[in-house]
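These are my notebook entries on one model, kept in the order in which I looked things up.

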Amino acid sequence: MDQREMYGELNALLGAIAKALDIEAEQAARAVEQGDIAVEMREDERGERFLSVLYQGRSAKVYQGAIRYAPKA
């Protein structure tokens, strides 16, 4: 993977995290850099991999091509 391709992949990932958390992409990038967004790689009960993201009380699961939210309590 060359630098441009990796940059594009990271931009797509930050965009998905921002969309999942309902924030701007630039805000997501700053929050990730500062360690304010918790990001964990996980696997669900079906064996599908996803990123679990948590920021200021909001959480979501970012799958390839889909975002799933925790049920509201």
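I sorted the lining of the largest pocket by class and found ten nonpolar, two polar and two charged residues, where Ala, Val, Leu, Ile, Met, Phe, Trp, Tyr, Cys and Pro count as nonpolar, Asp, Glu, Lys and Arg as charged, and the others, Gly among them, as polar. I keep in mind that this is a predicted model, in which local features need pLDDT of at least 70 and side-chain atom pairs count only at pLDDT 80 or more, while totals for chains, interfaces and linings use all residues. I also note that residues are numbered from 1 along each chain as its sequence is written, and that side-chain values use heavy atoms, with hydrogens and water left out.

I then looked up the volume, and the largest pocket holds about 390 Å³ of space. Of the 14 residues lining the largest pocket, L13, L51, V62, Y63 and Q64 are the closest to its centre. A pocket here is an open set of points on a 1 Å grid over the protein atoms alone, where a 1.4 Å probe fits, with protein on both sides within 12 Å along at least five of seven lines, and a lining residue has an atom within 4 Å of a point. Grid points are joined across faces, edges and corners, and the volume is the space filled by probe spheres set on the points.

Which elements supply at least two residues each of this lining? I found α1 (3-21), β2 (49-55) and β3 (58-63), and the largest share, six residues, comes from α1. Helices (H or I, at least four residues) and strands (E, at least two) are DSSP runs, numbered from the N terminus.

Entry 2, the strands. I followed β3 into its pairings, where two strands pair if DSSP finds at least two bridges between them. β2 and β3 pair in the antiparallel sense over five bridges, with Y55 standing opposite R58 in β3. β3 also pairs with β4 (residues 66-69), again in the antiparallel sense, over four bridges, and V62 has I67 as its bridge partner in β4. In the hairpin of β3 and β4, with two residues between the strands, G65 takes a positive phi near 80°.

Q56, in the loop between β2 and β3, has a positive phi of about 45° although it is not a glycine. D22, in the loop between α1 and α2, is likewise not a glycine and has a positive phi of about 60°. Are these two residues buried or exposed? Q56 counts as exposed because its relative accessibility is 61%, and D22 counts as exposed at 66%; the cut-offs for relative accessible area are under 20% for buried and over 50% for exposed, with partly exposed in between (1.4 Å probe, protein chains only).

Of its 13 residues, L21, I23, I37, V53 and Y55 touch the most other members. α1, α2 (25-33), β2 and β3 each supply at least two residues of this core, and α1 gives the most, with four residues.

I37 lies in the loop between α2 and β1 (38-43) and counts as buried because its relative accessibility is 6%. Leaving out residues up to four places away in sequence, I37 touches I17, L21, I23, A28, A31, V32, V53, L54 and Y55, contact meaning heavy atoms within 4.5 Å. I37 and V53 are 16 residues apart along the chain, and their C-alpha atoms are separated by 6.7 Å. With neighbours within four places in sequence set aside, L21 is in contact with I37, V53, Y55 and R58.

R49, in strand β2, is exposed, with a relative accessible area of 67%. Beyond its neighbours within four places in sequence, R49 is in contact with R42, E43 and Y63.

Key. A nonpolar core is a set of buried Ala, Val, Leu, Ile, Met, Phe, Trp, Tyr and Cys residues joined through side-chain atoms within 4.5 Å.
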